Amino acid sequence: MQEFLDIVITNLGNLNIKQQFGKIQLQELYFMATGSKSLPLFIGVATLKNEMCFICRYQESLVPNANAYNIKNTAMEQLFTTL
């Protein structure tokens with residue numbers, strides 16, 4: 001029997017965020033993937049300053065750590081091969 005897992009993938013695209021605020025300059029951006037607590041795996045992607053940001057959030061009670069890491073690594077490999 002094959003198991004299926006719900007995965008949500010979102011791509012915010014190229015973010016046009018102001019990087020200079022007077023004397024303050026944005027150096028790094030961190031974002032959090034949010035969604036329903038019933039979602040076992042959520043992958044978020046965004047681009048800022050021509051750099052891709054990737055986040056993978058998962059429910060430990062629903063997805064074993066090893067599976068989540070394998071899914072994350074596979075997704076990242078596929079992103080890198082398409083660039």
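User: Hi! How many of the 8 residues of β1 are buried?

Analyst: The count is 0, so β1 is hardly covered; buried means under 20% relative accessible area, exposed over 50% and partly exposed in between, with a 1.4 Å probe and protein chains only. Strands are DSSP runs of E with at least two residues, helices runs of H or I with at least four, both numbered from the N terminus. This is a predicted model: local features need pLDDT of at least 70, side-chain atom pairs count only at pLDDT 80 or more, and totals for chains, interfaces and linings use all residues. Residues are numbered from 1 along each chain as its sequence is written, and side-chain values use heavy atoms, leaving out hydrogens and water.

User: Thanks! What order do the strands of the open sheet come in?

Analyst: The 3 strands run β1-β4-β5, with mixed pairing; two strands pair if DSSP finds at least two bridges between them. β1 (7–14) and β5 (51–58) each have a single partner strand, so one side of each lacks a neighbour in the sheet.

User: In which sense do β1 and β4 pair?

Analyst: Parallel, over 6 bridges, with β4 covering residues 41–48. I9 sits opposite I43 of β4, and T10 has G44 in β4 as its bridge partner.

User: Switching topic: is T47 buried or exposed?

Analyst: T47 counts as buried, at 19% relative accessibility. T47 belongs to strand β4.

User: And what is T47 in contact with, leaving aside neighbours within four places in sequence?

Analyst: G13, N14, L15 and M52, where contact means heavy atoms within 4.5 Å.
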